[in-house]
Each structure stands twice: as structure tokens, then as C-alpha cells.
There are 2 protein chains.
Amino acid sequence: MKKIMNEPEKIVDEMLDGLVFTEDSIVERLPGTNVIARTYRSEGKVAVISGGGSGHEPTHAGFVGKGMLAAAVCGPVFTSPAPDQILEAVKHADQGAGVLLVIKNYTGDVMNFEMAEELAAMEDISVDHIIVNDDVAVEDSTYTAGRRGVAGTILVHKIIGGAAEAGLPLKELKTLADQLIPSIKTLAVALSAATVPEVGKPGFELAEDEIEYGIGIHGEPGYRREKIKSSKEMALELIEQLKKNFNWHVGDRYGVLVNGMGATPLMEQYVFINDIQHLLREEQLDIAFKKVGSYMTSLDMAGISLTMIRLKEEQWLKWLQEPVTTIAW
Amino acid sequence: MKKIMNEPEKIVDEMLDGLVFTEDSIVERLPGTNVIARTYRSEGKVAVISGGGSGHEPTHAGFVGKGMLAAAVCGPVFTSPAPDQILEAVKHADQGAGVLLVIKNYTGDVMNFEMAEELAAMEDISVDHIIVNDDVAVEDSTYTAGRRGVAGTILVHKIIGGAAEAGLPLKELKTLADQLIPSIKTLAVALSAATVPEVGKPGFELAEDEIEYGIGIHGEPGYRREKIKSSKEMALELIEQLKKNFNWHVGDRYGVLVNGMGATPLMEQYVFINDIQHLLREEQLDIAFKKVGSYMTSLDMAGISLTMIRLKEEQWLKWLQEPVTTIAW
């Protein structure tokens, strides 16, 4: 698998330097760390921090900025960042109102972020955390107890980030997240596997005519492998699974995010959301928010995920729609 | 080559419907056409229109909106749109101040856009055109006499679009473009070929350890094929070629665009611009504008292009930096 890179072990370091060179009006890199922080300061407001393994770009650093994340902690490829890195981000980002950690549900991430939370408490910084587990494909996976956190995480960043910017205190943000996270569900289909730079070969094998439903963003196994289908048929499978999980009713208000996994062209993503459009019209749902693009990727994996959010509160939609200053939203 | 699609011959039609479903606050599709027009109206200002074959998404429809293009004419994959489609875009977009057509330098595009210009003149619409030929790789190519138009085109859209929004008349926009276009130069390197949906196999073959410098956005041959190199070495090759073409001096002001060809992850694009950063520092240039992302793609091609723009005028930089309301800028 050919890649544009130098030494694999330096890929995250070089990526972050390239990112900050390009986007220095929005982000900075905390010296000696892999933490990307926003240049904007919001005095007296809760700082929302996320992070995890790298390889999902633009997640998470692309969502750092006014109205979304205060900082992103960027681990090695597909590997959780260490607690000391997370602690650096917390200490830097805290503006006196405390810090909320947004964790994707992987065992390593949960452990390291919670450890950083304890370390921060010892320094008298008020920290809490929320765990995103939007992937309805499987329970318990290669790196996870329970359901995995995937593309829906960026909707959490947007809504919680908007609420933090609006001045909600830490406790209310946590209550909001408890309502919000169960309202977001995602399911993916992979056409090909990602290649981790240090490994140099694809994480799994799919035949030239095969796809896999329910695959994770690190190549964790899904729930069914079959011959490739039309976009319409793949869209129907994902919608049927999400429908079972949401148990929706005619007229319910939803938002939709179609997410490319990394190597899937925008052309295919738009074809896919066109099929989703027709299926949701049949379901007679009120689709009040739509977004298409490669936001939560898995390196060079080809595939797509569909996230839906049940918009229970008018205010959630407003926070989704609010302009922000980030690299990638 | 697996793709998320239905019938290949409907892929552009379905993509455009998906695009408009997703982005209906910014764009609309003119009924019965493959023209994407902005919903924003700028009375009394010149309308800038671009277009060409599809398969380069988000180009061009992603750059339709306030401050950039008034409309994009979307041809079949890698095939010029027909003159009647271009004429529809012109008739719709003209706000009484005339229309400027931005054409990438391919024989079919130039012919069809010029024919549409003649048809529009017969309907008393004031139309002129400019031809972008930023690719310095080769002279004369599979579909081109002279140099090809590639990723630098989006910088033309941005600056000319900004100038049109500022109220410059058609004649002055044309004069501006005559200065601007020779100041923009691009060079690409491909790691793998794109697959056109109706063809179903890659347009050319590169071995598992091969790259090709100077490849075009439709897979036109480049100037050299060799074993894959490090990002640093590939960056050096592109910079050396651009240096020869620009003949720059210490302290000159430039902008840089690193563009993913479709299947290349953002991680690799940032690693690449990090190497570009170091090389340009050695050259002691003043880099006043930077941008990274997959903007002028070639379906699922893996690879990258480097565009540089000599920022001769302070105002060009201002137009580059000005906020716009588009899907993809």
C-alpha cells in the first residue's frame, strides 16, 4: 500500500506540524505535546476536549475552534493518547469553568481519559466526561466493551460545543450529553480495509466483489459480509437497521450525516445520500439537518457510514446549524 | 473496482440530486439540466460560471455560492458539458452585467464553452471567457492543446469570484484574469489511477511500488514514472519543477494549495505540506496563504498536487482570504 509519508513512526508528528502550518489562525500545537488547541479563548466558559488515536482526520483536530472543541489530543495511529498528554490539554484549556472530556467508547480511550481526569482533579481542575457509543452494529468489539464511538461523535462535538460557547455550566453540559448521546446512532459499510502506516498492509481482506456491514473505524469486524450491492440496496440495509434501533414514527424530526471513510470520493457519498433521501421520504420523517463529507475517516478505507440524530429539542438543531470557526466542520 | 453507485450512466444525475438535497440553502439545480446555481442573487454584478466533466468533486459545484461561482455546469464523468447546458447556466445567471466563463484548458471544454458564448451573444447576453492552464507538467496532452487546467482553477474561482462580488465589470475581470492565470502553477504526483464508473477498471496501471509525476486529473500521462519515494523527496521534485517555472526570488510572496486527488487521506496531505513548508523556508519565500484538502479530485485516484500562486497584488490575497458561502471552499 503506497502512502505519502516519511518514517511511519513520525507520521502523526509531521501531520500535526503540517496542520498547524496550514491553519495557524485557528489552531496551535502545545509545545512538546500532540495537543492541538484553539487560538480563540473563551474566558469563563467550559472547555470541551476530545481526542483519541490518529488516522480519523479531520477528526478530532479539525473540530477545534470557536464553538466546538477547545483542544484535541492526538494519539498514535489507532492508539489512545497517554494520560499525561490529555492532562496537558486539560490544564491549557481550562478557563476556570472546568473541562468536559468527550471520549469515544474504546477501552484504551476510556481508561486514559479517566486517568487524566483523576490527575486533573488532584490539581483542582473541575473535569467531567461523556462517552459516545453511537455505532449500533455490534455489542463488544475488538477494542471495546459495549458499542463503539464513531462518526456521530462529531455531532456531539458540535452540539455540546455550541452549548459550552453559549455558557452552559459543566453540570448542565453533562445532563445535555446524557440526553443527546442515546439520540445519535451510526452504521457503516466498508468496501476495503485501511492500512496502518507502521503495519504496511490492510487490516483485513475483502474480496474484489465483497463488502462488510457494520465495520468499525479501526477495521473491527462488522455483522455481515456479502457481495457488493447497489448504493440503493446498501442504503436500505443501513436505514432498516437504524429504524429498528430508533423505532421512529411518521413526522419525527431527524438529522442525517453521511460520512466517507477516507478513500470514498464525494461523488459516491452524494449518490448514497440521494438514496437515503428517497428512503427517508417513504418513512415520512422530517429531515431538518443534512451533512455529507469525509469527517470521521479510517485512513484509506473505502466505505461510508450513515449517522442519524433524533432532534428532540429545537435547541439541538440550532446548535447544529450555528456557524463555527474550525478547519473542518 | 468497487463503487457506491447504482447504474453508472445515472451517477452524475443522482450525485447532483444528492448534492442539492444536502445543500439546499446554498444551491439549486436548474430543472431539466445538470446546472447547479446559487440561491443567492447579486443584482447588477457579473456572474462567474465554471464547469466541465464531473468526477472532480467538490469541483465545480462545491464552489458555487456568494463570493465565488454563480453556477457550475456539470458534464458527464470526465466529459465536457454540452453547449446547450452551458447556455442555460448563462441565461439563468446573468444579472444584467454579463457573464464570465472560467474554462479549464481541455479541447472539448474550450470548444463547448466558446460555442455557448456565441449562442448567448445571439441572445444579447454579454459573455466573455478565460482559460486556466496551470498544470506545468507537460505541453499538449491527451485531451489538451497547451497546458492543462487543474487545481489552480479553484484559486481563480476564488479571486475572480471575489472581484465580481466586489462589483468589477466584465472587462476588468478579464484583465485581472490575464494577470492572474500566469501567476498560478500546479504539478501533481499520482500513486494510483482513477476508475471511471462506466469503464469499470483503472485508466492506467501503476505497479505496487510506482508513482508518476505530472499526471493529469483525467489520468493523462505525466513526465516521469519511478519507484515510490518519501514524502520529502516527492515534495522536493514538485518544488524544483515549480521553481524552474516561476523563477522566484528571496522574499517573494506566494500562496500554497496542497490538493488530494480523491483517495489520499488528509493525514498524508498534511505530512506533505509539512515537507513543503520546510522546503519553502529554505527558499526564503513569504508564504501568505495556505490551503490543504481534496478540492480538485480525479475520482478515486491516490495522489497529490501542489499549486503555488505568485501573490503580485495585495488585493489578490484579500480576495483569497475573504469569507464566502459555498459548500466546499
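Me: Into which domains is chain A divided?
Reply: This is a predicted model, in which local features need pLDDT of at least 70, side-chain atom pairs count only at pLDDT 80 or more, and totals for chains, interfaces and linings use all residues. Residues are numbered from 1 along each chain as its sequence is written, and side-chain values use heavy atoms, leaving out hydrogens and water. The bounds come from an automatic or database domain assignment. Chain A is divided into domain 1 (8-182) and domain 2 (183-320).

Me: How many residues does each domain of chain A give to the contact?
Reply: Contact means heavy atoms within 4.5 Å. From domain 1 of chain A come 42 residues, and from domain 2 of chain A 36 residues.

Me: What area do domain 1 and domain 2 of chain A bury between them?
Reply: Buried area is the accessible area (1.4 Å probe) that two parts lose on being put together, summed over both. Of the area between these domains of chain A, 68% lies on carbon and sulfur atoms. The total is about 3,300 Å².

Me: How many salt bridges are counted between domain 1 and domain 2 of chain A?
Reply: A salt bridge needs a side-chain nitrogen of Lys or Arg within 4 Å of a carboxyl oxygen of Asp or Glu. Between domain 1 of chain A and domain 2 of chain A the count is 0.

Methods. Chains lettered and ligands numbered in written order.
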